Amino acid sequence: MIAPRPTLYRDAALADGPGPSLRRSVSVLVAQRRVLWIRPTSDEGDLPPNVHVIDAGGSTIVPGMVDAHSHVTLPGGSHWIDRGADPPEELLEVAEHNGDLLTRAGVRWARDVGSPLAVDPRDGRRRALALRVRERWQTDPNRPRIRVAGTWIGHSGVLTGGLAMEADDGPALLKAASTQLDDGADFLKLYLDGPKKEEAPWSTEDVRAVVELAHGRGAKVTAHSGFLVGARVGIDAGVDSLEHGFELDSDAVAKMARQGTFLVSTLAIFRSWTSFAQTTTLPRFVSDEGKERIALRRERAIESVRLAHRAGVRIATGTDFGGGSLRANHLAWEVEALVEAGLKPWEALASATVRGGELLGEAEAGRLGEDGPADFFLVHGDPLTDPTALWRVWRVAWLPE
Ligand SMILES: [Zn+2]
């Protein structure tokens, strides 16, 4: 096999640090999928003799993004819930398509927070389908790097039957958690909305026992939280992160900041639902009542992120594609939504890059530096001041030319 030539990206801008300022006129030398150096274009020094020079003038280098809330086996769209019942073989094909979409959108890492249970034909056991995707992708350097929560663990009467694990009391919850870890889940996903909106599905003690079990086995615990009552249980029980956090208050965010609990925002869901008023005929999106309900929830969710940000909560972010209505190449939409919730554009980009890496505990995810992986992409425009630049992807450095 012939080793690929080293590649020089010449005269780009670089959006790699904290703060609103791009570094301009930068050259980046890549070989064997690693960044050898980053230098001023006016001072590149000696170049390898067979180097392939890419004139990157006018574009901006951005670290590969982290979609911290994704469902790689599901397609999204306005019928996203129905699609969860599609045959596993079809969902595995969906995952491959999603892998392409993620990559072309500059997303290097995806944190899968729930996939349907399906019988694995190799041993006849039912386990989360995304575990099989992780296996497929870990040997292919062009595919997104993923970490997988297994399937959702929820109280009966909340999630679509048969696709998730149900647990109605503390012992059942602990057993479900243990089974997920035995199956190979990288972390756990609890569903903290109960059958009754005003009640959490489990007690703080029940959830704390799961957190202790998982931490003892080196795994983190995250929790879906649509309502305040569940958020409180999760925070008090010491979960590592809350997904969505659509209803947080000042006490909740203060405690999250103190404990270092991450919030994983998914605000673009509401942008997507709002667009369905124009593009679908589904009453929940089209009717006046539906539109009003969505507008109210959206306002409350934006307020929650605003509170969390002001309190200093670490915010990672994701599309919820597949498990919600977005598609796998829509992370830019979420970055835009974070800016609407009061984050500076460069802070919002950090949520989609380095904060996601911190949440995953992956030191190289969402970062770019010498001796690190060449996991970056190039866009037109300045994403440190304008999140819409992230839609204009020109080139993805980790893909073969
Ligand atoms: Zn989700």
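## Ala-277 in helix H8

Ala-277 is buried, with a relative accessible area of 18%; buried means under 20% relative accessible area, exposed means over 50%, and partly exposed lies in between (1.4 Å probe, protein chains only). You will find Ala-277 in helix H8, residues 268-279. Helices (H or I, at least four residues) and strands (E, at least two) are DSSP runs, numbered from the N terminus.

What does Ala-277 touch, not counting residues up to four places away in sequence? Its partners are Phe-285, Val-286 and Lys-291, where contact means heavy atoms within 4.5 Å. Trp-202 is 75 residues away from Ala-277 along the chain, and the two C-alpha atoms are separated by 35 Å.

## How to read the model

This is a predicted model, in which local features need pLDDT of at least 70 and side-chain atom pairs count only at pLDDT 80 or more, while totals for chains, interfaces and linings use all residues. Residues are numbered from 1 along each chain as its sequence is written, and side-chain values use heavy atoms, with hydrogens and water left out.

## Helix H5 and its two faces

Now let us turn to helix H5. Its 13 residues, 204-216, reach 18 Å from the first C-alpha to the last, close to the 18 Å expected at 1.5 Å a residue. The expected span of a helix is 1.5 Å times one less than its number of residues.

Which residues of H5 are buried? They are Thr-204, Val-207, Val-210, Val-211 and Ala-214. Because these residues cover an arc of only 125° around the axis, they sit on the same side of H5; the arc is that of the directions from the helix axis to the C-beta atoms. On the face turned away from the buried side, H5 carries the exposed residues Glu-205, Glu-212 and Gly-216. The packing partners of the buried residues are helix H4 (170-183), strand E13 (187-191), strand E14 (220-225) and helix H6 (228-237). Just after H5, Gly-218 takes a positive phi of about 75°.

## The nonpolar cores

A nonpolar core is a set of buried Ala, Val, Leu, Ile, Met, Phe, Trp, Tyr and Cys residues joined through side-chain atoms within 4.5 Å. The largest one has 92 residues, of which Leu-190, Val-207, Leu-242 and Leu-263 touch the most other members. Leaving aside neighbours within four places in sequence, Val-207 is in contact with Leu-173, Leu-190, Leu-192, Trp-202, Val-233, Ala-237 and Val-239. Another core, of 16 residues, lies apart from the largest one, and its members include Ile-38, Ile-54, Ala-56 and Ala-374.

## The zinc site

Which residues coordinate the zinc ion? His-69 (NE2), His-71 (NE2) and Asp-320 (OD) do, at 2.1 to 2.2 Å. Donors are N, O and S atoms within 2.8 Å of the metal (3.2 Å for Na, K and Ca); water is not among the atoms, so sites may look incomplete. Along the chain, the donors follow the spacing H-x1-H-x248-D.

His-71 lies in the loop between strand E6 (65-70) and helix H1 (80-83), and Asp-320 in the loop between strand E17 (315-317) and helix H11 (331-340), so the pair ties together parts that are 249 residues apart in sequence. Buried or exposed? His-71 counts as buried at 2% relative accessibility, and Asp-320 counts as buried at 6%.

## Salt bridges

How many salt bridges does the structure hold? There are 29. A salt bridge is a side-chain nitrogen of Lys or Arg within 4 Å of a carboxyl oxygen of Asp or Glu. One of them joins Asp-375 and Arg-145, with the closest N and O atoms 3.4 Å apart. Asp-375 lies in the loop between helix H13 (354-360) and strand E18 (376-380) and Arg-145 in strand E10 (residues 145-148), so this pair ties together parts that are 230 residues apart in sequence. Asp-375 is buried at 6% relative accessibility, whereas Arg-145 is partly exposed at 31%.

Asp-182 and Arg-217 form another salt bridge, with their closest N and O atoms 2.9 Å apart. Asp-182 belongs to helix H4 and Arg-217 to the loop between H5 and E14, so the pair ties together parts that are 35 residues apart in sequence. Asp-182 is exposed at 53% relative accessibility, and Arg-217 is partly exposed at 41%.
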